[in-house]
Amino acid sequence: MTLPAAMTAIRAERGPDGTRLVPENIPVPQPGPGQILFKVASAGVNRADLLQVEGHHPPPPGAPATPGLEASGTVVAVGPGVNGWSVGDAICALLPGGGYAEYAIATEPCVLPVPKSVSLVDAGGLPEVYFTVWSNVFDTAGLKSGESFLVHGGSSGIGTAAIQLMHARGHKVFTTAGSAEKCAACVALGATRAIDYRTEDFVAVVKAETGGKGVDVILDMVGGDYVMRNLQSLARGGRLTNIAYQKGAKAEVDFRIVQARLLTLGATGLRGRPDSEKGPIRDALAKEVWPLFDAGSLKPVTYRVFPLAEAGAAHRLMKESSHIGKILLAP
Ligand SMILES: NC(=O)c1ccc[n+]([C@@H]2O[C@H](COP(=O)([O-])OP(=O)(O)OC[C@H]3O[C@@H](n4cnc5c(N)ncnc54)[C@H](OP(=O)(O)O)[C@@H]3O)[C@@H](O)[C@H]2O)c1
């Protein structure tokens with residue numbers, strides 16, 4: 001197959017009137033050892049991309065400057081040493097960057113097949129949320145069979161994946177969301193109880209719904225005053241894991257509750273971790289999670305697909321936060 005020399009990719013142009021996302025023409029990247037070049041069908045939009053284009057979340061060393069932490073598509077070339085994938089395969093992959101483009105490079109430990117029941121375009125929104133949810137809920141917080149779970153931001157990309165996965169694995173799932181419509185969507189995805197955080201106190205609801213015991217594991221993306229409120233919502237031996245701090249990364253914690261109730265606090269980031277840590281997460285997803293798509297227990301939750309050139313509009317929609325599920329870009 002002859003590949004074009006150049007492709008369209010999205011670049012952030014920062015000026016006095018704010019940041020604009022503009023299409024530019026750049027060379028099609030060439031796959032090096034262990035790398036896979038694929039023609040992008042869709043790229044997921046993530047909140048971290050909004051931070052990156054504003055200059056707050058720089059790409060790790062060696063990553064492309066083009067935004068885009070995940071994408072799906074068709075393999076068009078493989079580098080030396082790639083054994084598991086061939087030209088023509090439908091894949092989705094976690095990327096260090098570069099998804100907002102017509103072609104992207106993935107490394108083998110971060111690639112998964114597109115589940116048979118999922119369209120090539122919808123698959124672009126799967127990797128970032130499932131890598132993050134799996135590694136935090138199971139590797140960091142060690143959610144065990146029969147334990148209860150709370151995820152904040154249930155209507156987010158992360159939340160819609162976490163609710164479905166924990167429901168499919170038989171856990172009682174609590175979640176918070178910012179409107180009655182979002183709460184109804186969370187219940188439809190499998191939440192046992194969705195709490196409208198604008199009108200209800202999640203600490204009180206969790207206590208009431210668990211007979212005063214609290215939940216075993218919390219996945220939080222809010223931070224700020226939620227840190228202490230999360231600790232108040234955990235059961236004895238409970239675990240809190242944080243993936244973002246939308247209300248602030250600094251919080252006052254009364255460690256007496258941590259000590260008295262044997263609680264554990266954790267926090268992880270995904271992007272800066274080496275492939276040697278991402279590969280085992282990919283393997284766990286392939287074994288434990290991907291089969292649940294074809295079994296009908298999981299489905300992609302795509303809210304809207306924008307043309308690649310409208311990346312700016314996609315970012316504005318995420319900033320407004322009226323979406324439920326994933327926002328995608330399709331070249
Ligand atoms: N550490 C990591 O490795 C990692 C990886 C992926 C994602 N993340 C982070 O995880 C978060 C979710 O990512 P995403 O891409 O799925 O973004 P997203 O769809 O934009 O989700 C953000 C969510 O936060 C919710 N939220 C904001 N304030 C809240 C509050 N006070 N209480 C409860 N929920 C609140 C929003 O709900 P409302 O609109 O209803 O307020 C929205 O659903 C982002 O902050 C992202 O940066 C971290």
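Arg11, Glu13, Arg20 and Glu24 are joined in a network of salt bridges. They belong to a predicted model, in which the count of salt bridges comes to 18. The largest pocket has a volume of about 1200 Å³, and one buried lysine, Lys278, has no salt bridge.

**Salt bridges**

- Side chains of opposite charge can pair when their charged atoms come close.
- Glu209 forms a salt bridge with Arg193, and their closest N and O atoms are 3.3 Å apart. Because Glu209 lies in helix H5 (residues 202–209) and Arg193 in strand S10 (residues 193–196), the pair ties together parts that are 16 residues apart in sequence.
- Glu209 is partly exposed, at 35% relative accessibility. Arg193 is also partly exposed, at 22%.
- Arg229 pairs with Asp225 in a salt bridge whose closest N and O atoms are 3.6 Å apart. Arg229 is partly exposed at 22% relative accessibility, and Asp225 is partly exposed at 39%.
- Glu147 forms a salt bridge with Lys144, with the closest N and O atoms 3.7 Å apart. Glu147 is buried, with a relative accessible area of 11%, whereas Lys144 is partly exposed, with a relative accessible area of 49%.

**A buried lysine without a partner**

- Lys278 is found in helix H8, which covers residues 275–294.
- The nearest side chain of opposite charge to Lys278 is that of Asp275, 4.6 Å away.
- Leaving aside residues up to four places away in sequence, Lys278 touches Leu94, Pro109, Cys110, Phe131, Leu270, Arg271 and Arg273.

**The largest pocket**

- Rolling a probe the size of a water molecule over the atoms shows where empty space is left.
- The lining of the largest pocket is made up of 49 residues. Nearest the centre of this pocket lie Arg47, Ser156, Met221, Ala244 and Gln246.
- Several elements give two or more residues to this lining: helices H1 (47–53), H2 (127–140), H3 (157–168), H4 (180–189) and H9 (311–320), together with strands S9 (173–177) and S15 (326–330).
- Helix H2 gives the most to the lining, with five residues.
- By residue type, the lining of the largest pocket divides into 22 polar, 17 nonpolar and 10 charged residues.

Conventions:
Residues numbered from 1 in each chain as written. Predicted model: local features only at pLDDT ≥ 70, side-chain atom pairs only at ≥ 80, totals over all residues. Heavy atoms only, no water. Helix = DSSP H or I, 4+ residues; strand = E, 2+ residues; numbered from the N terminus. Buried < 20%, exposed > 50% of the residue type's maximum accessible area, 1.4 Å probe, protein only. Lys, Arg positive; Asp, Glu negative; His and termini not counted. Salt bridge = Lys/Arg side-chain N within 4 Å of Asp/Glu carboxyl O. Contact = heavy atoms within 4.5 Å. 1 Å grid on protein atoms, 1.4 Å probe; cavity = no way out; pocket = protein on both sides within 12 Å on 5 of 7 lines; lining within 4 Å. Points joined across faces, edges and corners; volume = space filled by probe spheres on them. Nonpolar A, V, L, I, M, F, W, Y, C, P; charged D, E, K, R; others polar.
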